[in-house]
Amino acid sequence: MTQQSMSGQDGELGEVGFTDFAVREHRSLWGDAWRRLMSSTTGRIGLAIVLFFVVVTVLAHFFWEYDPRIDLDYSLKFVPPTLRPTEEVPSIHPFGTDKLGRDIFRRVVHGGWNSLRVGIYAVGISLSIGGFLGLLAGFYESMPLNQMGRLILFGGIALLFGALSAWIAGLWFQVLLFTALGVAAALLDELWVGKPGRVALFAGLGLLIGAVPALLVSPMTAVVCGLLGLIIGATVALPLSGPLVSAIIMRLMDILLAFPSILLAIAIVAMLGPGLNNGMIAIGIVGIPIYARLVRSSVLTVISQEYVTAGLAVGVGQARILIRHIVPNTLSPIIVQSTMGLASAILWAGALGFLGLGAIPPEPEWGAMLGESYRYLTSGSWWAVVFPGLAIMLIVLGFNLLGDGLRDALDPRLQV
Amino acid sequence: MTRYIIRRLISVIPTLLGVTIVIFLFLRLIPGDPAVAMLGEHAATENVERIREQLGLNRPLFLDPEALEDGDVKGFLDTQYIRYLGRLSRGDLGDSIHRRVPIAESLKERFPATAELALTAILVGAVVGVVAGIVSAARRNSAVDTVTMVGSLAGVSMPIYWLGLMMIMVFAVMLHWLPAGGRISPATELETVTNFYIIDSIITGNWEALVDCTKHLILPALALATHPMSIIARMTRSSMLEVLQEDYIRTAHAKGLRERVVLFRHGLKNAFLPVVTIIGLQTGVLLAGAILTETIFSWPGIGKWIYDAILARDYPIVQGGTLLIAFIFVFANLLVDVSYAFLDPRIHYE
């Protein structure tokens, strides 16, 4: 049946509901993904665990008061888990008590707030910075720079290195001159392209800008600044373009990636000082290159699609292409990675807490609770160690399961 | 090929320089004056000044424009960072603040302990992970596959610091099967040659020590191996599943080759590349993960040393240990890249 005859019949036989079998019920992309998520066992279990933790934690935070600063009762030190009040221990402690007689159940429930908070903030930091850098890198790697981009790139390079020269000479107006040189090179991009004259012109100008003012300071300074100026001038004379932006960003990411993540997090916390907030920042910074790489590679995949080429062909602006066409299509790997990122952030936050670099006692935090109690393991008080760790494992497992389910749900092509 | 390796080696240089800058800044940005840390709070000002002079702390961080003004190019470059690089090139990582011993020496002593632990862990992780991955790919959707997948997901989600504690609780405290920590029992004597205790005890024919060291190694190595094992198993499985759909696998089955030959000679050989990547990456991660494992099991390696140094605020040790691990990590990745060329002749490097 052709399209035309069908629509014709549709008009005549509308009431019979003739079209029902031909036109599929409308489903949105997200609705479809949700269905697939709900139909997978891992996704369902993951979502259930995560929801359970979130609900319990939020309820406890707002409706179950707890002040860790005054929670202390030496008479109840290391009470094993009890579910029924006895004469010795009149209160109920389902998870037992720790070395200060604090109820572990209560602290585990309240510790969830800190863990979730760390996870969300840390992923937020890595995602916003790393995602932005990855977007820039991926986009400019395959797109020609427009005039604005060229101005920023050339001006930026000249400004950065010009600042070095200006600092050495102690003459800050040099920065302005160098930036002007960079901007000029960007504006005059048609001038003598590919000829040695172009390099000679800009390198010569750079030499003058660097050396002449520096002569005021000392001859040796003039030599060094002149050399720097020469290099800056020669650099901005080259036909620099997008891949350079990408290369700079990705090399910086490589440096961050050169450190094993837990080690870098420990180093950053040692630098900033211990504490939950600094822990979040450290874990967030550690995650930046992961998101930058992920976003860059998904942008590179999306940008080679026909719809982007088509958009460019009909004259859609770069910013619009980026926001309307590229960003939405890179969302699914980002969502999956962020879910798994929450899992690893919670895991690392626990590690920092365990090493005494995360939450500061008496703040309830699962990793810190383990760190406070593990020395007593040999004396038999297993409960102080088992339950906080179990909580970490469960929530991390929940996020990982959810991430697995989301990957299958959001991108069915990836399914193995 | 040689050209590719050389180019790859050169491309590592900026990364390593960046790493040294980050680590150098790390020590300088930590609040507190290292000279005061060495001498104590109540040291006389002139002593502090003398130490600052000795350590070069009175020099600028990166470059010295003032020296240049006087026409002194050498002074222009004679700064803290350049001096630091100079010391590094001579293998000098500075001295520990509290013990006053050269850090490079102590690292040399402690590195074998960490290496022994990490290599055992990666060996266990790789062997078990690859085998489990292959089996679950070959028997897709079977009970074995489900167990492997659930187990590996639990393994990835496992906080190893907690797993280590649970192992101590069960196998050391409750069952008394294995020791709770350390590398060797105090009563056992062992003549050290390489500081790899397993190798040492074999070289010297000290079987009693070999049994003792192995017992000490089991728990920490298993705890450390959990993450890489799970990740390698998942990677091997998905990589194998992809390869097993290829036509040549069907052909191999059709011409009546044995299952094992098909899986290993035709399947694994082609599925191995991503697995090698993961194994290489995990080796670096393991060294860092050793910080937690060594702390729990009182294993006298670099990780525990860094942890103790953080607590004691002995930052030059943290700096030296971090630098060593970061360098090893960078070179492990490099090795993985280069090994591609040998493993997969299809890859050409121009």
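**Helix packing and chain contact**

Visitor: Is the crossing of H4(A) and H15(A) left-handed or right-handed?

Guide: In this predicted model, local features need pLDDT of at least 70 and side-chain atom pairs count only at pLDDT 80 or more, while totals for chains, interfaces and linings use all residues. Residues are numbered from 1 along each chain as its sequence is written, with chains lettered from A and ligands numbered from 1 in the order in which they are written. A crossing is left-handed if the near helix is turned anticlockwise from the far one by less than a right angle, and right-handed if clockwise. On that convention, the crossing of H4(A) and H15(A) is right-handed.

Visitor: At what angle do helix H4 and helix H15 of chain A pack?

Guide: Helices (H or I, at least four residues) and strands (E, at least two) are DSSP runs, numbered from the N terminus. Axes are lines fitted to C-alpha atoms, for helices over the stretch in contact, and angles run from 0 to 180 degrees between N-to-C directions. H4 covers residues 104-142 and H15 residues 383-410 of chain A; their axes lie 10 Å apart, at an angle of about 35°.

Visitor: How many residues of the contact of H4(A) with H15(A) are nonpolar?

Guide: Two residues are in contact if their C-beta atoms, placed from the backbone, lie within 7 Å. Ala, Val, Leu, Ile, Met, Phe, Trp, Tyr, Cys and Pro count as nonpolar, Asp, Glu, Lys and Arg as charged, and the others, Gly among them, as polar. The contact has no charged residues and 3 polar ones, and its nonpolar residues number 8.

Visitor: Which helix supplies the largest share of the side of chain A that touches chain B?

Guide: The contact takes 41 residues from chain A and 46 residues from chain B. Helices H5, H8, H9, H10, H13 and H15 of chain A each supply at least two residues of that side of chain A. The side divides into 32 nonpolar, 7 polar and 2 charged residues. The largest share, 8 residues, comes from H15(A).

Visitor: Why does A:Trp167 count as partly exposed?

Guide: A:Trp167 is placed in helix H5 of chain A. A residue is buried if 20 or more other C-beta atoms lie within 10 Å of its own, exposed if 12 or fewer, and partly exposed in between, with C-beta atoms placed from the backbone. A:Trp167 therefore counts as partly exposed, as its C-beta neighbours inside 10 Å number 16.
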